[in-house]
Amino acid sequence: MTVFWLTLFTVFILSLMARYLAKPVPSGPGPVYIQPNRYYVFLVMAVLILVSGLRSNIGDTFFYMYSYKLKPLTLADIGFSGDFGFNLLQMLLQQFTADPQYLIFWVALFTNALIIPVLYKYSSLFELSVFLYITTGMYLTSMNGIRQFLAASIIFAATKYIFEGNWKKYFAGVLLASTIHQSALILIPVYFIVRQKAWTRQTLFLLLAAIFIVVGFNQFSHLLYSAIQDTRYSQYRNLEQHGANMMRAVVAAIPLILAYLGRERLRGIFPKSDYIVNMCLINLMVMMISTQQWIFARFSFYFGLYELILIPWLVKLFVPKDQKLIYYTILISYFLYYFYENVISLNIYYQSHFFKI
């Protein structure tokens, strides 16, 4: 974990510098009033890319590297149907090098270079969003299930089109992401759900639906696996039947409770926050269901990133004299959660052939 602790400390200091040297934003449609220093934002992004891109373990990294070395792909292998985009990227890289580290590096570059600019643009406290990117586990998750997380980062980069109501460009982003991982297509119906006002009957319906699915999970899973039995995802039926850690659902719920209590003020300081809140609500729904079967937590790749925007705005809901207390409470709470998840629960360690560690 030493590398991850150093990464957390380094990017937090750099992102603090980015906010310290921020400039006022000229009046415009965006919700933030200051613009973090771009030089330090670039350094933050560079550190995240280098640590992620030069690793040789974490999650399914080994299998992607093994597959890269095992079989050079050709256009005939790709087929250009389904989620062919990742294979196309792999084939292009194989034209230049047989070293699988390049695949890991380029995926890390694309992923982080798509996520950090969104936080730069929409977060009220850039350094807090970067801190949460690591301590909520999203950064580590980007190294596990790298194909699906790359798809999620492409859609996250299209967040501005949700705000603008430009469904054509948003769907174009979703379709591009679906060439990396077909599960991205779920964001097409989700677009119409999140474009509604938060905390309405729809919210109640989503939460009740999640509770009913959790209670009747056996019946739900039977219907779901029957529906996908003729697809490549039918193998999910044979996965180990255990759920994700309940703690992850609790952590997803707490910011939403604060967002509900301060919902009117939140709309006042961040007029389009309802879309972000709705994404986080769907993330909570996914995490509740994943307590029954861990594979559903993979869908949180698409929704969990929006917590990185929402949580910093929650600090602004409090009166100025209390904002520092809330800010430090968030830092300490998520630091402890990160320690619990990665040291006690998962015992994560970092390996890199490049750094020889």
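Why does Trp 5 count as partly exposed? Because its relative accessibility is 25%, which falls between the 20% limit for buried and the 50% limit for exposed. Keep in mind that this is a predicted model.

**Aromatic pairs**

- The count of aromatic pairs comes to 26.
- One of them joins Trp 5 and Tyr 338, with 5.4 Å centre to centre and 90° between the planes, an edge-to-face arrangement.
- That pair bridges distant parts of the chain: Trp 5 belongs to helix α1 (residues 2-20) and Tyr 338 to helix α20 (residues 320-345), 333 residues apart.
- Tyr 122 comes from helix α6 (residues 101-122) and Phe 163 from helix α10 (residues 159-164), so the pair ties together parts 41 residues apart in sequence.
- Here Tyr 122 is buried, at 7% relative accessible area, and Phe 163 is buried too, at 8%; both values count as buried because the cut-off is under 20%.
- Tyr 122 and Phe 163 also belong to a cluster linked by ring pairs, along with Phe 270, Tyr 275 and Trp 313.

**A charge over a ring**

- Arg 263 places its charged end over the ring of Tyr 260, at 4.2 Å from the ring centre.

**Helices α11 and α12**

- Helix α11 (residues 167-178) packs against helix α12 (residues 187-194) at an angle of about 145°, and their axes are 10 Å apart.
- The crossing of α11 past α12 is right-handed.
- On the α11 side, the contact uses Trp 167, Tyr 170, Phe 171, Val 174 and Leu 175; from α12 come Leu 187, Ile 188, Tyr 191 and Phe 192.
- Sorted by class, that contact holds nine nonpolar residues, with no polar and no charged ones.

**Helix α19**

- How many residues of helix α19 (residues 307-315) are buried? Nine of its nine, so to speak the whole run.
- Among the buried residues are Glu 307, Pro 312 and Trp 313.
- That Trp 313 is also the one in the ring cluster with Phe 270 and Tyr 275.

**Ser 153**

- You'll find Ser 153 in helix α9 (residues 146-157).
- Its relative accessibility is 0%, so Ser 153 counts as buried.
- Setting aside residues up to four places away in sequence, Ser 153 touches Thr 111, Leu 114 and Ile 115.

**Leu 16**

- Leu 16 is located in helix α1, the helix that also holds Trp 5.
- With a relative accessible area of 32%, Leu 16 is partly exposed.
- Beyond its neighbours within four places in sequence, Leu 16 is in contact with Glu 127 and Tyr 327.
- As for Pro 320, Leu 16 is 304 residues away from it in sequence and 19 Å away in space, C-alpha to C-alpha.

Key
Residues numbered from 1 in each chain as written. Predicted model: local features only at pLDDT ≥ 70, side-chain atom pairs only at ≥ 80, totals over all residues. Heavy atoms only, no water. Axes fitted to C-alpha atoms, helices over the stretch in contact; angles between N-to-C directions. Helix = DSSP H or I, 4+ residues; strand = E, 2+ residues; numbered from the N terminus. Left-handed = near helix turned anticlockwise from the far one by under 90°. Contact = heavy atoms within 4.5 Å. Nonpolar A, V, L, I, M, F, W, Y, C, P; charged D, E, K, R; others polar. Phe/Tyr/Trp six-rings, centres within 6.5 Å; stacked < 30°, edge-to-face > 60°. Buried < 20%, exposed > 50% of the residue type's maximum accessible area, 1.4 Å probe, protein only. Lys NZ or Arg CZ within 6 Å of the ring centre and 35° of its normal.
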